[in-house]
Amino acid sequence: MSPIVGSLRAIVRLVSVPVTVFLIATFATYALGAAGGANPAATVLGQDATPGQIAQLNHQFGLDKPFLVQYFDWLGHALTGNLGVSYFTSIPVATSISQAFPVDLSLAILALAFAVVLGGGAGILAALRQGGWFDRAVSAVCSGLATVPPFLVGITLIVVFAVFFRLLPSGGYVPFTQNPGQWLRFALLPSLALSAEGAAAIARQLRTSLVGALQENYVLGAAARGLSVRRTLFRHALRNAAGPALTVLGVQIPLLIGGAVVAEKMFALPGVAQLALQAGTERDVPVIQGALLVTIAVVLVSNIVVNAVLLRITPQAARGTRSARRRPMLQATGGAA
Amino acid sequence: MTLLGVSDLTVAYGDKNAPAVLHEVSLEVQPGEILGVIGETGSGKTTLARTIVGLVPARSGRVEFNGVELSGLRNRALRDFRRRGELQLVFQDPLRALDPDVTAAESIAEPLDAAGVGVREERVERAAKALAAVGLDPSLGERVPGRLSGGQRQRVLLARALVTEPRLLICDEPVSALDAANRGHVLRLLLDLRDETGVAALVISHDLQSLSGFADRVAVLYQGRIVEHGPTRHVLDNPQHSYTQRLLAAAPRLRSLTGA
Amino acid sequence: MSGVRRAGTLRRALRLTSARIALGIILLIIVLAVFGGALAPQNPLTQNPDAVLRGPGSAHWLGTDYLGRDVLSRLMAGTGRSVVGALEAVGIGLLLGVLPGLASLWLGRTYEWISLRVVDAFMTLPYVVLAVAVTGFFGNSLTAAMTAVGVLIAPLYFRVTRAAALGLTRTQYVEAAELFGSSRRRILRTHLWSKILPTLAVTTAQALASALLIVSSLAFLGLGVEPPLPTWGELLSSDLDYLSQQPWAPLFPGLLIMLVAGALNAFADAIRDTGAANDLSGADTVSAADAPDDLPSGVDLVPVAEPVLRVEGLRVTVNGGRTEAVHGVSFEVGRGEIVGLVGESGSGKSLTCRAVTGLLAPGCERSAGTVDLLGGSGPVDLASLDRAGWNKVRGPRIGIVFQDPASYLNPSIQVGKQLVEAIRAHSDISRTEARARAIELFTSVGLREPETVYRQYPHELSGGMAQRVLIAIAISGDPDLLIADEATSALDVLVQAEVLDLLRGLVQDRGLALLLVTHDLAVVAEFCDRVLVCDRGRIVEQGPAANVWPELVGAES
């Protein structure tokens with residue numbers, strides 16, 4: 001096998017999964033939209049529309065074509081940045097989404113940063129003080145958060161910071177590009193609320209895997225070599241423990257987006273979710289499908305990023321899977337099973 | 001007539017380009033004979049056992065048992081052959097080869113249950129007999145593996161293999177998980193069983209010591225090839241291949257010390 | 001008693017108080033779900049314009065809402081719809097997830113690949129977003145919203161089932177069953193089902209808890225809400241509009257949801273913990289069976305010329321101090337000497353070795369005795385060292401090599417870099433110099449292609465190579481004492497002989513003292529200058545191998 005064919009294969013293997021997943025997810029959601037049987041012509045034109053008018057509008061929306069043709073038309077257009085036109089406002093869906101998307105993106109990045117810093121810090125400290133009061137407090141807070149409806153965190157933040165202390169606004173939005181300081185004022189509460197679930201998940205996973213890593217032989221080995229505690233923790237234990245936590249972070253991303261929908265509504269933010277919610281009540285299918293497509297794309301791209309980072313911090317995972325196939329799988333090697 | 005015939009067996013894991021783990025391995029076991037296969041970790045000895053019983057597909061070569069080509073059996077025919085229980089594999093690690101939730105007696109009866117032999121009472125009775133045959137108290141049959149000692153577990157594994165009255169046992173490192181005292185017991189048990197029932201055995205080991213004075217013939221597996229085979233005494237006293245010579249050079253102190 | 005088959009996981013879980021309380025709450029909620037509407041003190045739909053937004057009082061225990069409806073009654077009446085919504089979602093997930101998950105193991109590669117991709121595809125969709133879309137496409141109803149949620153719970157069940165079953169189908173006992181010609185249905189029934197079921201129970205309890213939270217989140221967005229019928233989530237969302245008048249109002253539905261979700265999670269934890277705890281207790285019973293009877297008496301310390309290590313009266317306790325496992329061990333190891341510390345597992349030799357190196361596991365402790373490093377750059381009382389002190393000793397004074405060498409190397413870092421790290425931890429040399437020294441050390445421990453080995457990861461090395469790497473790291477600080485804890489036990493005979501030769505060479509060339517801890521009598525007899533025989537926490541024999549040998553054979557068998 002030549003090296004060119006080899007690397008081509010590697011690329012195909014790398015891309016084939018996300019592309020297939022993308023196609024399945026978009027097809028499923030598009031099919032759902034079609035199966036919903038929303039009749040835009042009747043909705044848009046009202047009760048008195050003549051069959052001729054309806055047929056003409058259906059033709060205009062492309063709804064008279066076979067379903068598969070519609071899907072591939074839509075997907076083809078979507079890949080060139082054209083997500084169709086809202087049934088009601090006639091505004092291109094891509095335009096509405098590109099206006100609303102930065103709101104979510106800036107919010108999500110801030111929330112992610114909170115989740116990583118708060119969750120990561122709490123997880124590491126809890127693992128180092130395993131069984132101590134801080135550890136117990138962290139697990140209590142984490143399991144508490146798992147039983148609280150996510151928006152209750154937001155409500156509590158609003159009640160405390162906006163209603164009671166009047167420190168921060170309870171809703172509204174200023175774009176980052178317009179005024180970063182104001183943006184932060186408005187984004188702080190929603191992103192804190194949004195980060196709670198992710199922070200809890202990261203803290204819990206990092207604590208578990210770090211406690212596990214600290215019991216591994218290689219940590220003992222590092223001590224046996226006389227390496228300092230800090231070096232052992234950060235270079236050896238944390239590096240291997242971060243993998244599972246990062247995987248959890250990847251799993252959290254769809255939940256983060258779901259949470260963003262709730263946060264947008266609660267804090268009156270003009271994001272994609274508000275757009276989709278509004279479209280949902282009007283059964284404005286192109287807008288909903290556009291929002292779904294963006295969601296799927298964002299989740300897939302972040303998964304790819306997470307996987308790339310995972311490969312960097314645990315390179316043996318990539319080399320391991322390749323060489324493991326060549327070796328007999330069930331060699332008895334003794335040791336702890 | 002040859003009981004087990006393995007000819008030109010080549011095995012590889014993975015695709016066409018993967019290197020072979022076993023290279024054209026050929027060996028035979030006659031009825032009532034004990035053949036020892038010796039090899040170190042990575043020599044392919046576990047793969048050999050797993051390929052013979054059909055857990056690993058061979059790339060080429062044949063495995064014949066009692067005139068039936070096992071490597072040609074598929075689905076229904078393979079299952080029917082297995083249910084007859086003429087060929088049994090004794091796994092290396094009893095803790096992993098026994099379901100932790102299933103009692104010893106139930107585990108032993110499992111091959112009979114799978115084959116649907118007779119009525120339930122008959123199967124229970126045969127399981128109890130097998131338990132006695134390996135020298136275990138019948139009351140131990142009620143225990144789950146976690147409540148048995150290592151030596152007892154190894155015997156349960158042996159009893160499970162014997163319950164179908166097989167003609168050939170394939171034992172993968174049957175004693176390596178045991179301490180010195182239990183090793184001797186289990187090996188002696190195998191010899192006694194051979195004398196009583198005429199069962200043949202292919203015993204795989206990394207430990208030359210445990211095979212000498214036990215196997216009728218030995219084959220030496222090195223890097224996936226049989227480099228030497230013959231009567232045990234003959235191979236031990238007069239090794240031909242350099243690997244066997246090195247192996248013996250590393251091991252004689254064991255023989256002189258433990259006085260076996 | 002000891003031979004009894006394991007009790008059901010559920011029954012064992014219920015021995016925990018937390019599980020019983022959780023089950024009580026769950027039963028209460030079931031009663032409320034069925035009879036809540038009938039038990040409610042007032043009609044949950046009756047509006048009263050004269051009593052809107054009342055606080056808790058005797059007429060309305062939990063107050064009234066913005067239409068003057070009784071909050072307590074609405075909470076009780078809303079239980080049914082909230083619970084049914086969650087059950088619906090979880091039921092759909094269970095139905096769509098479990099069977100395809102099992103099938104993915106048995107229906108061939110193509111089905112497996114496609115089903116995994118479909119699962120991936122569904123996992124890209126957030127619950128809330130899909131619920132928004134589905135209610136947008138199909139109209140706003142609780143069923144539509146919960147169907148959307150259920151479809152997204154299915155991947156969870158798929159993965160959990162598949163992972164649990166996949167692990168099990170690779171066990172040898174399932175392989176054995178296949179070799180007996182067992183049918184798949186039989187294997188599923190005897191070996192898989194009882195082990196997957198607790199996992200599914202845990203998943204279901206957790207999924208129900210999240211479904212309840214999701215129902216309320218969706219209700220907050222107005223999804224799945226069919227006014228005027230109450231659900232817990234709907235109560236919460238209507239409270240939000242009146243936060244400034246009644247900031248405490250969300251507390252009641254919020255607490256109720258938390259209580260139920262908490263009970264479900266606690267129940268799941270109880271099932272999972274008892275399952276895990278049982279596995280451990282099973283393993284313990286066997287080792288506890290060999291009780292100590294007549295204890296052998298220990299031998300006194302035999303002084304050597306030029307001692308490097310002196311251990312006197314060492315006692316080690318395990319189980320957090322409750323049991324003493326090493327009862328006063330004394331010995332010395334001299335310069336250029338190879339001493340074998342030999343004994344069966346459980347004889348205390350490993351604990352002794354760990355105590356000497358300061359690497360005792362949590363729960364184990366040195367309770368008495370002294371351990372001193374002598375010679376070289378001055379004596380050190382090892383017993384008094386803190387972690388920083390140890391870091392100055394381990395490496396430059398003591399090198400340690402273990403059994404299963406690859407596991408003592410960080411799996412994510414090239415082994416050469418780990419050697420460089422060890423070198424630089426104890427000397428102020430540049431990275432380039434350290435690298436050159438690393439290659440040199442690799443060569444000196446007999447690694448044939450040091451440059452290639454440098455760039456390899458631990459799992460890419462054979463056992464013998466990994467042990468050589470570990471030895472290179474252990475001698476990188478130029479120690480006086482090398483401790484090998486079962487360092488050759490897992491290796492094949494030939495590799496073991498090579499590694500032992502290497503160690504002997506190091507002792508001769510560098511004047512090291514070598515303490516070889518092993519259970520292998522043959523190795524000790526062949527290789528060691530002097531033998532210490534460990535039995536039940538004492539050193540019962542000591543002397544040159546040839547002298548000790550006959551008694552040793554007697555003790556072992």
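Q: What radius of gyration does chain C have, next to a compact globule of 557 residues?
A: Chain C has 33 Å, whereas a compact globule of 557 residues would come out near 24 Å. That radius is taken over C-alpha atoms, and the globule rule is 2.2 Å times the number of residues to the power 0.38. The C-alpha trace of chain C spans about 100 × 60 × 55 Å along its principal axes.
A: One thing to know: this is a predicted model, where local features need pLDDT of at least 70, side-chain atom pairs count only at pLDDT 80 or more, and totals for chains, interfaces and linings use all residues. Residues are numbered from 1 along each chain as its sequence is written, while chains are lettered from A and ligands numbered from 1 in the order in which they are written.
Q: Thanks! How much of chain C is buried?
A: Buried residues are 50% of its 557; buried takes 20 or more other C-beta atoms within 10 Å of a residue's own, with C-beta atoms placed from the backbone.
Q: Switching topic, where is confidence lowest in chain A?
A: In helix α13 (residues 315–326) of chain A, with a mean pLDDT of 46. Helices here are DSSP runs (H or I, at least four residues), numbered from the N terminus, and pLDDT is the predictor's confidence in each residue, from 0 to 100.
Q: And how does chain A average?
A: Chain A averages 81, and 88% of the residues score at least 70. Where pLDDT is low, the predicted coordinates should not be read in detail.

Key: Buried ≥ 20, exposed ≤ 12 C-beta atoms within 10 Å, placed from the backbone. Helix = DSSP H or I, 4+ residues; strand = E, 2+ residues; numbered from the N terminus.
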